[in-house]
Amino acid sequence: TGMYAINNYMKLRDQEFTSSDWQVVFLDNHDAPRLSTVLRSDATNFGPGKDKWGGRQSIPFAQDRLELGLALIMTSRGIPCIYYGTEHYAANFTTNGFGQVGNDPYNREMMPSFDMTTPAFQIIKKLSKLRKESYAIQQGSYIERWVSNDVLVYERNAGDDVVVVAMNIGGNTSVNAINLGLANGTYDNVIGGDQVVVANGSATFNLDQNEVIVIRSK
């Protein structure tokens, strides 16, 4: 379960797909309720603004988790597909004629507005630039560097070009990853907010819940 399942799946994809352009990766599409709808649906069962994750506000938690998912697909092997509205946390809780919440046609609604300042939009923008510039993200191998049920640190490696991604779905924590393919130095988080010091292939990642850190070789 958790990050173990994601890690195993990422390894399997490296084995099964010999070309990086054979598989599209996505969070949302027109055949299922939007991820934001699924993540926020529990709020209706746990009182106003509450959810099953320790009483946190449902909407901020769902947005954080969506952003983590975007970072995952944008740094994974394959072709990321962003369904319109995901960058604005689109969600709809209307029940259709089949008793499905947020499903067709309520996952295909018109865009009410467009905002290029949302955190999700900025993550997509920054990681799109990284994908364009980084051969490691485009074609590099996938290497597990740390995994637990809540935390996954993985490396995309193409020799001189290395990207390391750390993400946490659990409570605030710190993990020390070793054998990283990065030279000694201080690295900025590509999507902002943190710096990571690498020394002799080792680095400590201080991760809040749902936080993602992405660093790249200089």
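In what order do the four strands of the open sheet with β3 in it line up? They go β3-β4-β5-β10, and the pairing is antiparallel. Keep in mind that this is a predicted model. There is also an open sheet of four strands ordered β6-β9-β8-β7, so here's a quick tour of both, starting with the one that holds β3.

- At the edges you'll find β3 (141–147) and β10 (212–216). Each has a single partner strand, so one side of each is left with no neighbour in the sheet.
- Going from one strand to the next, the twist averages 15 degrees.
- Inside this sheet, β4 (residues 151–158) pairs with β5 (residues 161–168) in the antiparallel sense, and eight bridges link the two.

**The β6-β9-β8-β7 sheet**

- Pairing is antiparallel here, and the sheet is open.
- The edge strands are β6 (173–177) and β7 (185–188). Because each has just a single partner strand, one side of each lacks a neighbour in the sheet.
- Neighbouring strands are turned against each other by 25 degrees on average, direction ignored.
- Strands β6 and β9 (residues 202–207) run antiparallel and are joined by five bridges.
- To find your way around that pair, look for Thr173, which stands opposite Leu207 in β9.

How values were computed: Residues numbered from 1 in each chain as written. Predicted model: local features only at pLDDT ≥ 70, side-chain atom pairs only at ≥ 80, totals over all residues. Heavy atoms only, no water. Pairing = 2+ DSSP bridges. Axes fitted to C-alpha atoms, helices over the stretch in contact; angles between N-to-C directions.
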